[in-house]
Amino acid sequence: MSSTDRDVDHAPAYPEPPASPLWHRHSAMTRPLTPEQQRRNRELLDIAQRTTRPRSPRPAETLAEAR
């Protein structure tokens with residue numbers, strides 16, 4: 001083992017911030033979706049998967065030519 005391996009301080013330069021309380025949820029379970037909400041989500045997912053998003057038109061000249 002070289003001296004550099006032994007002398008290296010592995011502590012971070014700054015202390016880590018405390019974890020957000022939102023990361024630790026010990027509250028009640030979320031309520032399940034109603035059948036109507038599930039049906040609506042399935043319909044929206046089906047529509048989103050079937051439709052294509054329009055492509056944005058490309059400019060006639062490139063960025064290099066615009067300068």
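pLDDT is the predictor's confidence in each residue, from 0 to 100. Keep that scale in mind, as what you have open is a predicted model, in which local features need pLDDT of at least 70 and side-chain atom pairs count only at pLDDT 80 or more, while totals for chains, interfaces and linings use all residues. Residues are numbered from 1 along each chain as its sequence is written, and side-chain values use heavy atoms, with hydrogens and water left out.

**Stop one: the whole chain.** Color by pLDDT to begin. The mean for the protein is 76, and 63% of its residues reach 70 or more. Now switch to cartoon: you'll find three helices and zero strands, running α-α-α from the N terminus on. (Helices are DSSP runs of H or I with at least four residues, strands are runs of E with at least two, and both are numbered from the N terminus.)

**Stop two: the surface.** What share of the 67 residues is buried? Buried residues make up 0%, where buried means under 20% relative accessible area, exposed over 50%, and partly exposed in between (1.4 Å probe, protein chains only).

**Stop three: α1 against α2.** Select residues 3-7, which is helix α1, the element with the lowest mean pLDDT (59). Where pLDDT is low, the predicted coordinates should not be read in detail. Helix α2 has the highest mean pLDDT, 94, so select residues 35-50 next and stay there, since that range is α2.

**Stop four: around Arg39.** Show side chains. The structure holds three salt bridges, each being a side-chain nitrogen of Lys or Arg within 4 Å of a carboxyl oxygen of Asp or Glu. Pick Arg39, which is partly exposed at 34% relative accessibility. Arg39 pairs with Glu36, and their closest N and O atoms are 2.4 Å apart. The two sit three residues apart in α2, so about one helical turn separates them. Glu36 is also partly exposed, at 45%. Now look to Glu43, whose side chain meets Arg39 in a salt bridge at 2.2 Å, N to O. Here the spacing is four residues, again about one helical turn, and Glu43 is partly exposed at 33%.

**Stop five: Arg50 and Asp46.** Select this pair to see a salt bridge with its closest N and O atoms 2.8 Å apart. Arg50 and Asp46 are four residues apart in α2, so about one helical turn lies between them. Arg50 is exposed, with a relative accessible area of 65%, whereas Asp46 is partly exposed at 34%.
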